Amino acid sequence: MAYNQLTMEQKDARLGIKLVAPAVIIIGLLIIYPIFYNIYLSFFDVSMIGDTKFIGLENYKNVIFDPSFWKSVFTTFVYVIATTVLTTLLGLIVAIAMNKEFPLRGLVRSIILLPYVAPVISTVYSWQFFFDPVNGIFTHVMVDVLHIYDQRFNLIADPKYALWVAIVFSMWKAFPFTYLMILSRLQTIDNNLYEAAEIDGAGGIRKFISITIPELYFVLGSIVLLRFIWNFNKFEEVYLLTDNVKVLSVYTYFKAFTGSMALGQGSALVVVQFTLLIGLILVYVKKVLKW
Amino acid sequence: MVNRKNRLAKNFGFFILIMLIVLFCLFPFIQMLSTSLKYSWDWGNPSLIPIEVNTDAYTEILNINTSGEEVVIEIPASVKKLMEDNPDLTEPQKTAILAKYTDTSDVFPFKTYFLNSLKFSLISSLCALTIAIFGAYSISRMKYRGQKIIQRGVLFVYMVGGILLLIPLYKISVTLGLTGSEGGTTLSLVIIYMVQTLPVCLYMLGNSFRSIPFSIEEAAFIEGYTRFQTIVKIIIPLSFGAIATVFSYAFMIAWNEYLFASVFLKSYINMYTLPISLKALFVSKNAIWDRVSAASLLTAIPVIVLFMLVQRFLSGDSTAGGVKE
């Protein structure tokens, strides 16, 4: 069929496909294909130079029988759950506060966005300095002002505490996004609902539980989902702050790109990580969002 | 009376809450500025105001030569003696030893790194934006088979974080021979940054285009505009705010990227972007808080300025679900 014999709709459809083609091709070649290529690589002993050798499930065996892998899975869960819960709570509190009119609100709005937009690399050193055993204000307050501890210590160097520093840092970095999403939903809640509740004698807390929370249910549900996905794959915010917190992404990075560069094992790790993530998302979407 | 007191207390509590939020957000930045201006003997002082202001960190990083004279590096006498006492040393070995002392490369070339970052971020975000404008228009405004699948596919791509793609993409680049040359490395990194930002751009722009009333476009068609003309003359100007915001996000993602840069640029020191060079600077030396703070602040400024410019377009609606981290 010649081009000029096509109907208007058909021509339009062809144009539509042409317009979206570059995006689809690029995403296909650089995201979809690599996912499958990665699965393929996970069955090989991969080296950068020379041949790769098929070794079956050897990589997976090495991953699963390594206790440090399970430790990393556990760290990831603590990190992801704690950051998701804390970020959402803080975002909610700030959104409710910012929903009120007050002088200089515009300026405060801009300031709140700063942690979110500033590059991770520019903020980590300030946080490290804050917890620095020699110069940091945190140790100064803990040791010299409040006398809670009797000697200065390096919080970030201890994996147990470093995890919590990473969690607070992630909360600081991400809550502005949560707050922005919640605030825009808050502003659409019909004020009549609150007035009607007041007539029925509802107090502040009652109104919050019976109106605000149900109205926010879906936006909170989506925020938690997005935060969960992002933080599950998070690398920079953890690795640049401290290399003591081995969440899965950092664990994989160390396995695949340092020392003996076990790329095949890295691929297997990534497959496990991705499978875990998809599994968790499916459960969440079914149970919480009830899709 | 009681009521008024109550309200005053409430207002005061509210004021404290807002102050705490502001302090929490701002503190790391204030501390960065403060540390960058302090002398090293002042670092342990918990006060944020430097006892004496020191701008050395900035002059060193920005390579501002205040004296205007050529800096002459003295070779220590002990080294000279060592070289004279060891006639076994070959000429190349001697030059190598001398080079260690006369080397000026440990001066942090902030400008080079800044320009590298700018190059990678600008090219990749502009490419992603251009492809995404047409793609997003197609997804949100036109009807054809497969359009719904593409739309959902964009959402799926959100789940794919950088670490999940690092190994296969690196292996592919090595196999294609791209990592062997500076040009090839630049190309791979630009394309990778572009694909990292593309889904975000598609999603956010799609949302924004959908909010433009269809009747405006219909009017344009009646005037005889083609689809292409409509996009360029109607859609793009009408969604200027969204496009500016999306560009800022794309730029920010590339500007902040560490993971891919650290692997791809490992052996090309003069191609380093700011994030990896800052990390390298911090690891390389001791007692470097002032310079790291100054560099951190200077790295943050471009994205902060960009966001202040587009801030008025930022609302939950345009960002809803549409950002990737």
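Chain B of this predicted model has an average pLDDT of 83, and 82% of the residues score at least 70; pLDDT is the predictor's confidence in each residue, on a scale from 0 to 100. Over residues 68-72 of chain B the pLDDT is below 50, and beyond near neighbours in sequence this stretch has one contact in the model, a contact being heavy atoms within 4.5 Å. Residues 316-322 of chain B also stay under 50, but for them the model has 22 contacts beyond four places in sequence. The model as a whole scores ipTM 0.88 and pTM 0.86.

Now for the overall build. Chain B has 15 helices and zero strands; helices (H or I, at least four residues) and strands (E, at least two) are DSSP runs, numbered from the N terminus. Of its 325 residues, 49% count as buried, where buried means under 20% relative accessible area, exposed over 50%, and partly exposed in between (1.4 Å probe, protein chains only). Among contacts in chain B between residues at least 6 apart in sequence, 72% join residues at least 24 apart.

Let us follow one helix, H5 (residues 110-141) of chain B. At 1.5 Å a residue, its 32 residues should span 46 Å, and its end C-alpha atoms are 45 Å apart, which agrees; the expected span is 1.5 Å times one less than the number of residues. H5(B) has a kink of about 25°, centred on B:Ala132. The bend at a residue is the angle between axes fitted to the seven residues ending there and the seven starting there.

Next, look at a loop. B:Asn54 sits between helix H1 (2-36) and helix H2 (56-61) of chain B, and B:Asn54 is buried, with a relative accessible area of 4%. A polar atom of its side chain lies 2.9 Å from the backbone nitrogen of B:Asp56. Leaving aside neighbours within four places in sequence, B:Asn54 is in contact with residues including B:Tyr39 and B:Asp290.

Over in chain A, A:Arg206 belongs to helix H9 (residues 204-232) and counts as exposed, at 53% relative accessibility.

A word on conventions: residues are numbered from 1 along each chain as its sequence is written, and chains are lettered from A and ligands numbered from 1 in the order in which they are written. Local features need pLDDT of at least 70, side-chain atom pairs count only at pLDDT 80 or more, and totals for chains, interfaces and linings use all residues, while side-chain values use heavy atoms, with hydrogens and water left out.

Technical notes:
A polar contact is a pair of N or O atoms within 3.5 Å; within protein, one must be able to donate a hydrogen and the other to accept it, and residues adjacent in sequence count only if both atoms are side-chain atoms.
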